[in-house]
Amino acid sequence: MSLPKQLSRLPIYFAAVASLTACGGGGGDTPASPPPPPPPPPPVGSITLTGVVARGAALANASVAVTCATGTGTATTTATGSYSVAITGGALPCVLKATSSDGALKLHSVAPAATATSVTANVTPLTELVVARLSGAEPASFVAGISAGTLGSTVTAAAVTSAQAAVASTLAAGGVSTSTAGDFISGPLVAASTGVTGNAYDQVLDALNARLTTAGTTLAALTTTIATGSPVASPAVATSDPTLPADLLLKPKASNCASAASTSYRLIKQAPSPTGTVTAVDTVDFDAPSLTLRLPGTTTVIDTFTPNGNCRYTGTGGSDIVVSPAGVLVARATLGAGDTSVAASARGTTRMIVGLPVQAIAVADLAGTWNTASWELDVSTYAADGLIITIGSTGALTQLKCGGNTAATPESGCSTFTTLLPVFSANSAGGFNITSTDPADPFTDRAFAYRAGNGDLMGVYLTGNGSLGFFTKQRTLTLPALNALTSVWNVDVNINAVAPNALSFNTHTVASLNTGAVSLVRNTAANGSTVTVPQTLQYNVARNGYIYRPAATVTNSAGASANVREAYLLPLRGFGLTPYYLPATTGTGALPAFFGLSVARQP
């Protein structure tokens, strides 16, 4: 990201009143008989819930438990999956739990507040997903823990409608259209059973089941991902574990990698563009079962991947590609001599390429404060930078800190800019433009964002001169567990933005924790070696959300002296990615500076 030069019922009551009229007349008239009394009114607040419980086929003899703002009830489904629960003195809204006759399957649903006293509330995998999105929690936990006091403010008609729309959008992106199902909760559902053919809603359930099987995932996994990715999910539900977003869970996968899913990728090349306009970006379609890259919307194959271990591949031209657990592709590849998207000086050179699955992310989603880690062109070579930027809901940067400061500078000592800052706006081809507002320094850069399964966002930006940066929401990092084991691939580039070294890999084991200093010691083995080197990591140093590894001379597990290089790291939570910067060393055996990206390896 370029800098300025100066550097987010009431109950309805019914009463019947009868008036009797006596007729006058001569003596001896018999008074008219009074009419029969009216039937008694229904009990005040009584409600009836009906619906169908199905997973595709009807769930016969399933138990249904209903808990409402006032009142509870139970029922058992018929052979067609239908049920009916009447609750005297009951009041909407309600939550529902259906348990199959063998106890193996539990599904949940809701009935939002309404003026009607008789409502339909189906219980299906679709309603399970709606409850997950609505609550930001596992449906079983939500239904079991909801209180009458909070039910009314949570299960509103508007919130349920919004949750259903989000689920429908996710399923459509994953290849399952729900348009013929109607309303997931109250729509007419005829479930397939003996002698009964399922209707359109039931066919959507069948399509979802088939897609889950084809994609090699489960309804439980999809439900969890939708819950953790919900905008109302609590921090206790969110996880830092890298996972695929819900739509990619539904896509076909590569046979050797559960996170390599069929989707469109935005390939962002760490290379300068021929002109000031950023063009070093390609969009391709990835077919996971055949491991082929194709021109968008066609069957024209432009590259074929050959497996080289789990989630690692070799491309036709010798490129080395790895896939993170969240589905981000990172490659070390030689740019073709005919690649006109990059400057002539970059053609034929080996570069880092980052592939983000294409998603529709709104400008408003970028609101907040972000940490960045980038490799910026400084005159003729590249150097590390780590801005802290705050983006408003309209995309305008409202504050930029630490521009031009070294990575060792704490945020409190950073320079701060609040004027002539760039603005993020939607680009018609996807992603965002980053446009300067400084007349003395005009530019338009590009940025792309991607949301992981836990709801976290990451971004990548690219400038016309080949500067590449990563951004993640600013947050306080917490220490991992003692003995935690991680393994990563490393792709790095030098001060010319060239990737001269083959991919390396490290295995890290947390050996000790210092909770007071928020630091740890990990034992690191490189490239499959059995010899480990102790490294100290200091969390939230020098800035919140970053990790610092001080240089040190240590003794390795073989008893020999070893040097640990100084490093600055920025974990991208939820993605299995960590940009890092290794400053140049001096003295005997001096080493040049490097910038790179660690990618979590998968078993």
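The second largest pocket is lined by 38 residues. Nearest its centre lie Arg 133, Gly 229, Arg 451, Ala 452 and Gly 455. The model is predicted.

- The space in the second largest pocket comes to about 1,000 Å³.
- Its lining divides into 15 nonpolar, 14 polar and 9 charged residues.
- Helix H4 (157-173), helix H6 (219-228), helix H7 (246-249) and strand E10 (263-269) each supply at least two lining residues.
- H4 gives the most, with 5 residues.

**Helix H6**
- H6, one of the elements that line the pocket, is mostly covered, with 7 of its 10 residues buried.
- The buried residues are Leu 219, Leu 222, Thr 223, Thr 225, Ile 226, Ala 227 and Thr 228.
- These buried residues pack against several helices, namely H1 (125-135), H2 (139-145), H4, H5 (200-215) and H7.
- They also pack against strand E6 (106-111).

**Thr 77**
- Thr 77 sits in the loop between strand E3 (72-76) and strand E4 (82-87).
- Thr 77 has a relative accessible area of 3%, so it counts as buried, the cut-off being under 20%.
- Its side chain reaches the backbone oxygen of Leu 59 at 2.7 Å.
- The side chain of Thr 77 also reaches the backbone nitrogen of Asn 61 at 3.0 Å.
- Leaving aside residues up to four places away in sequence, Thr 77 touches Val 53, Leu 59, Ala 60, Asn 61, Ala 62, Val 64, Ser 82 and Tyr 83.

Notes: Residues are numbered from 1 along each chain as its sequence is written. This is a predicted model: local features need pLDDT of at least 70, side-chain atom pairs count only at pLDDT 80 or more; totals for chains, interfaces and linings use all residues. Side-chain values use heavy atoms; hydrogens and water are left out. On a 1 Å grid over the protein atoms alone, a cavity is a set of points where a 1.4 Å probe fits but cannot get out, and a pocket is an open set with protein on both sides within 12 Å along at least five of seven lines; lining residues have an atom within 4 Å of a point. Grid points are joined across faces, edges and corners, and a volume is the space filled by probe spheres set on the points. Helices (H or I, at least four residues) and strands (E, at least two) are DSSP runs, numbered from the N terminus. Ala, Val, Leu, Ile, Met, Phe, Trp, Tyr, Cys and Pro count as nonpolar, Asp, Glu, Lys and Arg as charged, and the others, Gly among them, as polar. Buried means under 20% relative accessible area, exposed over 50%, partly exposed in between (1.4 Å probe, protein chains only). Contact means heavy atoms within 4.5 Å. A polar contact is a pair of N or O atoms within 3.5 Å; within protein, one must be able to donate a hydrogen and the other to accept it, and residues adjacent in sequence count only if both atoms are side-chain atoms.
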